[in-house]
Amino acid sequence: TRGGEVSRPAADVVDEVRRLVDAGVRDVTLIGQNVNSYGLKVPGMPTFAELLRRVHDVEGLAVLRYTTSHPRDMDDELYAAHRDLPMLMPFLHLPVQSGSDRILSAMNRKHTAAKFLDIITRLRTARPDIALSSDFIVGHPGESERDFEATMQLIRDVGFAQAYSFKYSPRPGTPAAGAPAQVAEAEKDARLWELQALLREQQAAFNAGCVGQAIPVLFTGTGRHPGQIAGRSPWLQPVHLSGPESLIGTERSVTITAAHTNS
């Protein structure tokens, strides 16, 4: 449905970032359907980790992020980038979809639950303060209660700062749409509710763990209420506080005094 992957020339990306920074931008996200496969199909192109390093060197940039990634294209060079680049934020969205190898194979995902857990271990070794986000689909055709429990166990094992989760829905023309053993809607609803309850619990715990910490926040605009300004934490959480609009565009250390569901 997406067509073939295309990698923009690295010089074009770096030049665009430089123009944005010259115009006052401080926070840049490199975005693609699968950014960490950047350059892999084009001989002579730099790797995604090398592209991150080149963008990181743009003078005046304060915050660097990227999304979305694929587990199959995580490598030693990218782990090293998380270790070595201070402006590369300690937050990664890495979709896993399921904790069951049988379902991952049916989804044609090309990784296993054990491989995903190994990636998380390597990331946390490289950058101990990294937080994880992911995607999950429940009720893929043939998903048993045992398969679903494998997904729940993976979530417990990793601990996510946030996540996106969905019920499987058939897309016309895909192999899964006509596959046998479609999961009943009521069962998909029940599994999604249980999975989201666990994810909400983990997100709340992660946010609560920030209370009392002094963290760097890049202020990006006004808040919801008069006198408020807002920004993002290194882990992409919205941060709101009372302060003058003159701070917008600057980065300051902020002591977190309260945590909510999403901020």
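Predicted model: local features only at pLDDT ≥ 70, side-chain atom pairs only at ≥ 80, totals over all residues.
**View A. Crossing of helices H1 and H2.** Helix H1 (residues 10-22) and helix H2 (residues 48-56) have axes that come within 9 Å and cross at roughly 30°. Because angles under 35 degrees count as roughly parallel, H1 and H2 are described as roughly parallel to each other. Their crossing is right-handed. On the H1 side, the contact involves Ala10, Val13, Val14 and Val17, which meet Leu51, Arg54 and Val55 of H2. Of the residues in this contact, 6 are nonpolar, 1 is charged and none is polar.

**View B. Aromatic pair of Phe136 and Phe160.** The model contains 3 aromatic pairs. One of them joins Phe136 and Phe160 in an edge-to-face arrangement, with 5.5 Å centre to centre and 85° between the planes. Phe136 belongs to strand S4 (residues 131-138), whereas Phe160 lies in the loop between helix H6 (145-158) and strand S5 (162-167), so the pair ties together parts that are 24 residues apart in sequence. Phe136 is buried, at 0% relative accessibility, and Phe160 is likewise buried, with a relative accessible area of 2%.

**View C. Aromatic pair of Phe206 and Trp235.** Phe206 and Trp235 also form an edge-to-face pair, at 5.9 Å centre to centre and with 85° between the planes. Helix H7 (residues 185-208) carries Phe206, and the loop between strand S7 (228-232) and strand S8 (238-242) carries Trp235; the pair therefore ties together parts that are 29 residues apart in sequence. Phe206 is partly exposed, with a relative accessible area of 24%, whereas Trp235 is buried at 9%.

Terms used: Residues numbered from 1 in each chain as written. Heavy atoms only, no water. Axes fitted to C-alpha atoms, helices over the stretch in contact; angles between N-to-C directions. Helix = DSSP H or I, 4+ residues; strand = E, 2+ residues; numbered from the N terminus. Parallel < 35°, antiparallel > 145°, perpendicular 65-115°, else oblique. Left-handed = near helix turned anticlockwise from the far one by under 90°. Contact = heavy atoms within 4.5 Å. Nonpolar A, V, L, I, M, F, W, Y, C, P; charged D, E, K, R; others polar. Phe/Tyr/Trp six-rings, centres within 6.5 Å; stacked < 30°, edge-to-face > 60°. Buried < 20%, exposed > 50% of the residue type's maximum accessible area, 1.4 Å probe, protein only.
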